[in-house]
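These are my notes from going through one model, element by element. I begin with a term that the later entries rely on.

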Amino acid sequence: MNLLVVCLGNICRSPMAEGALRARLEASALAGRVRVDSAGTGGWHAGEPPDRRAIACARGHGVDIGGQRARQVTADDFDTFDWILCADRANLRDVLRMAPAAARGRVVLLLEWAGLEAAGEVPDPYTGGPEDFQQVWRLVDSAAQAVVARLAAN
Ligand code: 4NP
């Protein structure tokens, strides 16, 4: 199973989600069986590490995301990944525009796919403060736990 998390810049939300998913998967019976990556619909930050606020927030929850480097979504991603998990509806729309018809059913909202229906979107924390990053962590880590529970049950 290969999972790709997508946000806009690939320096805040999707690196945090990648880190949370990796940590929750490694601590589960699924360790080593699920590949996780992240990417952005935009390429402005390609090659950069995550935003320092995202790194600090994840570190505060015991997860090191400092080794990640941003990249843009590519056409190959639709072949490589089983599911493309989008942070918000704008990301979903932009990825769907790029996706070949056969892949569109595998492009979904992260929180909905995780089963957190009420949550909807992971809000962009880029222009916000530390509390916005904490809220992102709460959402993506809840999603990571729900994803692990779902995949472990299959
Ligand atoms: P992300 O946050 O999509 O969660 O990585 C953003 C990062 C950068 C920008 C916007 C959102 N930006 O405009 O550069």
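I count a contact when heavy atoms lie within 4.5 Å. The model is predicted.

**Helix α2**

I applied that cut-off to helix α2, where the buried residues pack against α1 (13-26) and α6 (130-153). I then listed the buried residues of α2, which spans 52-60: Ala54, Ile55, Cys57 and Ala58. They lie on the same side of α2, because the arc they cover around the axis is only 165°. An α-helix has 3.6 residues a turn, so residues three or four places apart point the same way. On the face turned away from the buried side I found Arg52, Arg59 and Gly60, which are exposed.

At the start of α2, a side-chain oxygen of Asp51 comes to within 2.8 Å of the backbone nitrogen of Arg53. After α2 comes Gly62, with a positive phi near 85°.

**The sheet**

I traced an open sheet of 4 strands, paired in parallel, in the order β2-β1-β3-β4. β2 (35-40) and β4 (107-109) are its edge strands, each pairing on one side only.

I looked up the pairing of β1 (residues 2-7) with β2: the two run parallel and are joined by 6 bridges. Leu4 has Asp37 in β2 as its bridge partner.

**Helix α4**

Helix α4 (residues 89-98) packs on this sheet and touches β1, β3 (83-86) and β4; between the directions of α4 and β4 I noted an angle of about 175°. Which residues of α4 are buried? I listed Asn91, Leu92 and Val95. These sit on the same side of α4, because their arc around the axis is only 100°. The buried residues of α4 pack against β1, α1, α3 (77-80), β3 and β4. At the N-terminal end of α4 the cap is Asp88, with a side-chain oxygen 3.1 Å from the backbone nitrogen of Ala90.

**The ligand**

I listed the residues surrounding the ligand: Cys7, Leu8, Gly9, Asn10, Ile11, Cys12, Arg13, His45, Asp124 and Tyr126. I then looked up polar distances to oxygen atoms of the ligand.

- A backbone N or O atom of Cys12 is 2.9 Å from a ligand oxygen.
- Arg13 places a polar side-chain atom 2.8 Å from a ligand oxygen.
- A side-chain N or O atom of His45 is 2.8 Å from a ligand oxygen.

One of the residues around the ligand, Asn10, needed a separate entry. Asn10 lies in the loop between β1 and α1. The phi of Asn10 is near 60°, which is positive although the residue is not glycine. Is Asn10 buried or exposed? I have Asn10 as buried, at a relative accessible area of 2%.

Where is Ser14? I placed Ser14 in helix α1. Ser14 also counts as buried, at 1% relative accessibility. The side chains of Asn10 and Ser14 are joined by a polar contact of 2.9 Å. Leaving out residues up to four places away in sequence, Ser14 touches Val5, Val6, Cys7, Ser38 and Ala39. Of these, Cys7 is also on my list of residues around the ligand.

Conventions. Residues are numbered from 1 along each chain as its sequence is written. This is a predicted model: local features need pLDDT of at least 70, side-chain atom pairs count only at pLDDT 80 or more; totals for chains, interfaces and linings use all residues. Side-chain values use heavy atoms; hydrogens and water are left out. Buried means under 20% relative accessible area, exposed over 50%, partly exposed in between (1.4 Å probe, protein chains only). The arc is that of the directions from the helix axis to the C-beta atoms. A polar contact is a pair of N or O atoms within 3.5 Å; within protein, one must be able to donate a hydrogen and the other to accept it, and residues adjacent in sequence count only if both atoms are side-chain atoms. Two strands pair if DSSP finds at least two bridges between them. Axes are lines fitted to C-alpha atoms, for helices over the stretch in contact, and angles run from 0 to 180 degrees between N-to-C directions. A residue is near a molecule or strand if one of its heavy atoms lies within 4 Å of it.
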